[in-house]
Amino acid sequence: MDKGFLPARPTSKSKQPVKKPPPISMQQLQESLSSYFDDVPDPRVNRTKRHLLKDILVIAILSTIAGGDGWEDMENYGISKQQWLQKFLDLPNGIPSDDTFRRVFEKVDPKILEQKLVQWVKQLMGPVCQQVIPIDGKSLRGSYDVENGVKNLHLVTAWASEHRLVLGQVKVQDHSNEITAIPALLELIDVTGAIITMDAMGTQTEIVRLIRQKKADYVVTLKKNHPTLYKQVKTWFETARTHQFAGIEVSEHCRTEKAHHRVETRKVWAVPVGALGGLYKQEDWTDIQTIVIVERFRYLWNKTTHEIQFYLSSLPVDAQLNGRAIRQHWSIENQEHWILDVTFNEDRSRIRSLNSPRNLAAIRRMSLNAVNQETTLKRSLPQKRKRAAMNDEYMMLLLKSFCQD
């Protein structure tokens with residue numbers, strides 16, 4: 001998607017002191033964690049249940065928040081924090097071993113943990129009305145298993161750009177692609193009133209129809225995977241621009257930004273579909289109102305790049321509104337995918353057996369959400385994770401997001 005248009009951040013001359021949220025009690029935490037995890041079906045046979053499934057799941061989340069990457073880190077975190085963990089976990093037989101963590105996550109149904117993620121986020125943020133929700137796919141590059149002929153896991157996730165929360169994830173089935181996974185994800189989450197953005201893979205008539213059925217709007221990329229429609233829009237734009245959009249209703253917006261040693265100028269045009277005299281198979285694109293064109297120039301120290309991209313939108317003919325949605329689509333790449341790979345080491349993880357890659361992906365996204373929800377510590381996300389690892393009081397602040405009001 002185009003890295004489009006964001007409103008300037010308000011500045012403040014004087015910093016206001018951050019008000020710390022009231023602490024939660026161990027009883028509140030225990031009750032809340034039980035409400036989320038006690039009903040997760042335990043895949044183990046009774047004779048092997050030396051440790052409670054809830055305890056295993058909670059330690060896995062805490063370990064991941066604190067910087068852990070795998071089974072041994074989970075065991076080490078539990079051993080290091082056992083005295084504190086006993087205040088809100090049962091731990092009837094102490095801390096599970098790394099092999100116990102592995103065996104459990106291999107067998108737990110990943111759909112259950114994904115449903116828990118959705119349930120928790122829904123309680124955290126409530127309605128998503130008017131929020132931009134990018135949907136995009138991500139591969140876990142280290143999850144392949146050559147010996148067993150298993151390809152790396154590919155997930156489609158939805159991201160709440162304003163709240164910086166992962167709303168849900170769905171696995172792309174083997175021998176399939178994101179086109180089949182996106183509808184399953186849309187059925188899993190509530191997107192009423194939101195603006196859904198997608199790259200060209202999600203620009204499908206059935207997906208657009210489902211978005212409108214779910215009472216959401218869409219802004220989707222138009223590329224050459226729809227050759228006839230793409231050629232029509234591209235040819236019309238080139239002609240209209242040559243004549244300076246004479247006699248055409250058009251909304252325009254332009255913005256120049258300086259960041260990361262580059263200057264970027266973006267111009268967006270929004271025109272009603274009627275201006276094109278009707279689109280190719282327009283009736284298949286449910287409630288389409290607007291064609292959006294974004295032209296982008298990037299000036300770097302050694303080169304200049306230029307590109308033009310086209311979008312289909314159910315939003316009104318408003319260049320600034322559509323440009324904002326297009327810009328915020330990029331947040332799923334740099335605030336979720338990049339963070340998971342660089343900060344949570346997701347791509348480098350070689351956990352690959354059975355259900356464990358998908359379950360660990362859900363745990364990482366829960367952990368990312370928990371860290372993003374805590375805003376009193378004005379530090380980077382890696383520094384927040386280090387603080388949580390070293391300071392149990394700060395970890396309690398992160399866990400507060402699990403406690404229902």
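This is a predicted model: local features need pLDDT of at least 70, side-chain atom pairs count only at pLDDT 80 or more; totals for chains, interfaces and linings use all residues.
## Around F88

Leaving aside its neighbours within four places in sequence, F88 is in contact with M26, L29, Q30, L33, V58, L62 and L399. F88 sits in the loop between α4 (82-85) and α5 (98-107). Its relative accessibility is 0%, so F88 counts as buried.

Helix α2 covers residues 53-65. How many of the 13 residues of α2 are buried? The count is 13 of the 13, so the helix is largely enclosed by the rest of the structure. Its length also works out: at 1.5 Å a residue, 13 residues should span 18 Å, and the end C-alpha atoms are 19 Å apart, which agrees. Just after α2 comes G67, with a positive phi of about 110°.

D55 belongs to α2, and D55 is buried yet has no salt bridge. For D55, the nearest side chain of opposite charge is that of K54, 4.4 Å away. A salt bridge here needs a nitrogen and an oxygen within 4 Å. Setting aside neighbours within four places in sequence, D55 touches L89, D90, L91 and P92.

Next, a set of paired strands. Strand β2 (residues 153-160) has seven of its eight residues buried, so β2 is largely enclosed by the rest of the structure. Strand β1 (residues 132-140) runs antiparallel to β2, and six bridges join the two. In this pairing, L140 stands opposite L153 of β2.

β2 also pairs with strand β3 (residues 165-171), again in the antiparallel sense, over six bridges. Here T157 faces Q169 of β3. The hairpin of β2 and β3 has four residues between the strands, and within this hairpin R164 takes a positive phi near 55°.

## One side of helix α8

Helix α8 spans residues 205-213, and its buried residues are I207, V208, L210 and I211. Where do they lie around the axis of α8? They cover an arc of only 160°, which puts them on the same side of the helix.

What do the buried residues of α8 pack against? Their partners are α7 (178-188), β4 (195-198) and β5 (217-222). After α8 comes K215, whose phi is positive, near 65°.

## Salt bridges

Side chains of opposite charge can pair when their charged atoms come close. In this model the count comes to 26 salt bridges. One of the pairs is R255 with E257, where the closest N and O atoms are 2.8 Å apart. R255, at 25% relative accessibility, counts as partly exposed, and E257, at 21%, counts as partly exposed too.

A second pair is E307 with R296, at 1.7 Å from N to O. E307 lies in strand β9 (residues 304-313) and R296 in strand β8 (residues 290-299), so the pair ties together parts that are 11 residues apart in sequence. E307 counts as partly exposed at 27% relative accessibility, whereas R296 counts as buried at 5%.

The last pair is E346 with R364, whose closest N and O atoms are 3.0 Å apart.

Which residues are linked with E346 and R364 in a network of salt bridges? The network also takes in K138, R141, E336, D341, D347 and R365.

Key:
Residues are numbered from 1 along each chain as its sequence is written. Side-chain values use heavy atoms; hydrogens and water are left out. Buried means under 20% relative accessible area, exposed over 50%, partly exposed in between (1.4 Å probe, protein chains only). The arc is that of the directions from the helix axis to the C-beta atoms. Contact means heavy atoms within 4.5 Å. The expected span of a helix is 1.5 Å times one less than its number of residues. Lys and Arg count as positive and Asp and Glu as negative; His and the chain ends are not counted. Two strands pair if DSSP finds at least two bridges between them.
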